[in-house]
Amino acid sequence: MTSNKLTGTLLACLCSAVSFAADGIMQFSFPECIITCIQDTPVRHQASLFASVKGTPLPTKQDSFLSSINLFLLEKNGERFLIDAGNDQRRGSLKGKLETLKIEPSTIKAVFITHIHPDHVGGLLWNNAPLFPNATIYIARDEYEPWQKDTRRAALATYLKPYQNKLQLFDFGNPLPGGLIPIKKAGHTPGHTVYKLALSATDIAIFVGDILHAVELQVPHPDFCARYDSTPAEAVKSRLEIYGEKALLFGAHFPFPACATITPAGTGIYTYVPFAK
Ligand SMILES: [Zn+2]
């Protein structure tokens, strides 16, 4: 795939994207699927959250960076899937946004989790019961098993326990429903997962989860990690691998509508090209 092709895909998005009346919902139509970005929670991150693995000082005087908490609805072959579920009902807005989209939560067939953090699994419940009663919850075994031993994340069992009969742990590499291919990009958490999706014979999308938290800082300076990254050096490696991908990226913490390319613009230099209406 050439970068021209990629630009072509992005432009195709530009032509077919539909903005809904409600804030925080943007739909991208492709020949074989529709991807809807749902902004769960608007966020700015304090600059003090970030540190460089190289020990270099913050390269800007900005005291905060634009971010967002997003999740994605994938509609393909008449089936509906979510990639992540956002925050719980105290902060998140998933249930209301699905109502705006006229989508019954019971029609969601599966939820693919990038990693077990509250802003990704919290929205699985509504009033302590599964919001998605018919969904299988897919989580990488390499994420789930370390999580079970991580006492700092033990409270998040609240969100997964009601789905214990619907949990599907998977190993990396094999395609999942919807044609999503899970790939391990660890560092944010031990089994942090990105999901690749073929958009056509040549173009791909990747749901990149928490590969970064502040585009403004971490695209030009990939060595900066949020303190949420469990193993920062590994997070930087995973981040750079994603920056090298010729793909349309959908980020859990990209500024809304969270669809962009990140392309090399010289040795160690990257450019963030967001979708813009
Ligand atoms: Zn997150």
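The model is predicted, so local features need pLDDT of at least 70 and side-chain atom pairs count only at pLDDT 80 or more, while totals for chains, interfaces and linings use all residues. Residues are numbered from 1 along each chain as its sequence is written, and side-chain values use heavy atoms, with hydrogens and water left out.

Staying on Glu143, find its place in helix 4, residues 141-148 (helices, H or I with at least four residues, and strands, E with at least two, are DSSP runs numbered from the N terminus). The side chain of Glu143 also reaches the backbone nitrogen of Gly191 at 2.9 Å. Leaving aside residues up to four places away in sequence, Glu143 touches His115, Ile116, Arg153, Thr189, Pro190, Gly191 and His192 (heavy atoms within 4.5 Å). With a relative accessible area of 0%, Glu143 is buried (under 20%; exposed is over 50% and partly exposed lies in between, with a 1.4 Å probe and protein chains only).

Next, select the zinc ion, which is coordinated by Asp119 (OD), His120 (NE2), Asp210 (OD) and His253 (NE2), at 2.1 to 2.3 Å. Donors here are N, O and S atoms within 2.8 Å of the metal (3.2 Å for Na, K and Ca), and since water is not among the atoms, sites may look incomplete. Along the chain these donors follow the spacing D-H-x89-D-x42-H, and both Asp119 and His120 are buried. Why is the arrangement of the 4 donor atoms irregular? The angles they subtend around the zinc ion run from 91 to 161 degrees, whereas four donors count as tetrahedral if all angles lie between 85 and 135 degrees, and four count as square planar and six as octahedral if opposite donors are over 155 degrees apart and all others between 65 and 115, anything else being irregular.

Now colour the open sheet of 6 strands, whose order is 12-13-14-16-17-18, with mixed pairing (two strands pair if DSSP finds at least two bridges between them). Strand 12 (181-184) and strand 18 (270-274) stand at the edges, each with a single partner strand, so one side of each has no neighbour in the sheet. Strand 17 (residues 259-264) runs antiparallel to strand 18 and is joined to it by 5 bridges; within this pairing, Tyr272 of strand 18 is the bridge partner of Ile262.

The loop between strand 16 and strand 17 deserves a stop, for it holds Pro257 and Ala258. The peptide bond from Phe256 to Pro257 is cis, with omega near 10 degrees, and Ala258, although not a glycine, has a positive phi of about 65 degrees. Ala258 counts as buried at 0% relative accessibility. Then go to Lys102, in the loop between helix 2 (94-100) and strand 7 (108-112), where phi is again positive, at about 60 degrees, in a residue that is not a glycine; Lys102 counts as exposed, at 72% relative accessibility.

Finish at strand 3 (residues 33-46), which is largely enclosed by the rest of the structure, because 10 of its 14 residues are buried.

Definitions and conventions
A polar contact is a pair of N or O atoms within 3.5 Å; within protein, one must be able to donate a hydrogen and the other to accept it, and residues adjacent in sequence count only if both atoms are side-chain atoms.
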